[in-house]
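Hi,

Here is the structure I promised to pass on.

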Amino acid sequence: MKKLLLDVDCGVDDAQAIMMALAAPNVQVVGITCVHGNTSVENVCKNVLRVLQACNRLEIPVFKGAAKPILGDSGISAGHFHGKDGLGDAPDCNAPGLELVQKENAVTAIIRIVNENPGEVSLAATAPLTNLALAMRMDPSLPSKLKALYIMGGNTESRGNTTVCGEFNFAADPEAAYVVLNEYHCPTYLACWEFTCHSMLSWEFCDEWLAQETSKARFMKKIFRHSYEISQTERFQKEFVAGSGFISCDSYAVAAAIDDSFIIESDYYPVSVELTGTHTRGMMIVDTVGFLKNARKVFLMKKVDLEKFKQMMMAALQ
Ligand code: BDR
Ligand code: CA
């Protein structure tokens, strides 16, 4: 069994990614750590509990982490897309209470879980990287004990979805992204924004996926309605994703963590994050020429097995 730790800011695509991980027969989800991002960290905890309840998996420990980025307050959230509560503002009177969240903080939980299982835990981060950067600062040996790190975040063609050239997770905490990209010395795989746009699925598949006769599919339909409708608008398709299709960004990072043969082709380049630019703060830099002598190299997903991806998506709701 692969041990997988998930670090999330549970919006709708995080929920999809979590459900994919829970459905994978070869994966043991050893914990879910929560961080600010799409919505407040309290909402993120509530949302993760709702997802776990929908999957009958409330035994998985949930930890609350950073409420804000490393520096100041980015003022960035994604209520317009994921709904103010992060899960499409779909009412749920049976939602589990926050008393189910562990007392231990997410950052110390990451350090503890990885140290208890050196070399065995993979981490999939689908959110601003604040928890990971703080964990690294508290325990610099942490990355060397991780099996691998999978991140949804950053961009390769300087096309932003949150600022002119900043992808949401990196723009929401550029310093944290900088620390993780520069200092996490373990095999690192990135599902960047443009890659996810190039790898979109059809709306026909999406409708088939949602039409499954299961309680998980009904749950997904409810929380997805808001962002589904936005994704169908001409403005969204023209300005953000340059095409029409279903993009479950965070699921690509989790699919790569689940299945080693999911990534068919990737680039391997040194990367970093812009911290000071007026328009470029939070943008990822990819050095294809070799100027950044000391920067760490990461795998940038380029081509993945979309048939496998569809199977994993379908299984998530079964
Ligand atoms: C990322 O931003 C968030 O809104 C999504 O959950 C995803 O992690 C995409 O840029
Ligand atoms: Ca996310």
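First, some housekeeping. This is a predicted model, in which local features need pLDDT of at least 70 and side-chain atom pairs count only at pLDDT 80 or more, while totals for chains, interfaces and linings use all residues. Residues are numbered from 1 along each chain as its sequence is written, and chains are lettered from A and ligands numbered from 1 in the order in which they are written.

Let's start with the ligand. Around ligand 1 there are 14 residues, where a residue counts as near if its C-beta atom, placed from the backbone, lies within 6 Å. The closest are Gly11, Asp13, Ala78, Phe168 and Cys249. Helix H1 (12-23), helix H7 (168-171) and helix H13 (249-258) are the elements that give two or more residues to this shell. Helices here are DSSP runs (H or I, at least four residues), as are strands (E, at least two), numbered from the N terminus. By class, the shell has five nonpolar, five polar and four charged residues. For those classes, Ala, Val, Leu, Ile, Met, Phe, Trp, Tyr, Cys and Pro count as nonpolar, Asp, Glu, Lys and Arg as charged, and the others, Gly among them, as polar.

Now, how do H1 and H13 pack? Their axes are 7 Å apart, at an angle of about 20 degrees. Axes are lines fitted to C-alpha atoms, for helices over the stretch in contact, and angles run from 0 to 180 degrees between N-to-C directions. H1 is therefore roughly parallel to H13 (under 35 degrees; over 145 is roughly antiparallel, 65 to 115 roughly perpendicular and the rest oblique). On the H1 side, the contact includes Asp13, Asp14 and Met20, and on the H13 side it includes Cys249, Asp250 and Ile258. Contact means C-beta atoms, placed from the backbone, within 7 Å. The residues of this contact divide into eight nonpolar, two polar and three charged.

H1 also packs on helix H2 (residues 41-54), at about 40 degrees and with the axes 10 Å apart. That makes H1 oblique to H2. Ala15, Ile18 and Met19 of H1 meet Asn47, Val48 and Val51 of H2, a contact of five nonpolar, one polar and no charged residues.

Another pair to look at is helix H4 (residues 106-116) with helix H5 (residues 130-138), whose axes come within 9 Å and cross at roughly 60 degrees. So H4 is oblique to H5. Here Ala106, Val107, Ile110 and Ile111 from H4 meet Asn131, Leu134, Ala135 and Met138 from H5, giving seven nonpolar, one polar and no charged residues.

Finally, the sheet. It is open, has nine strands with mixed pairing, and runs in the order S3-S2-S1-S4-S5-S6-S9-S7-S8; strands pair if DSSP finds at least two bridges between them. Strand S3 (62-64) and strand S8 (284-286) each have a single partner strand, so one side of each is left without a neighbour in the sheet. From one strand to the next, the twist averages 30 degrees. Strands S4 (residues 121-126) and S5 (residues 146-152) run parallel and are joined by five bridges, and Ser122 stands opposite Ala148 in S5.

Cheers

Methods
Contact = placed C-beta atoms within 7 Å.
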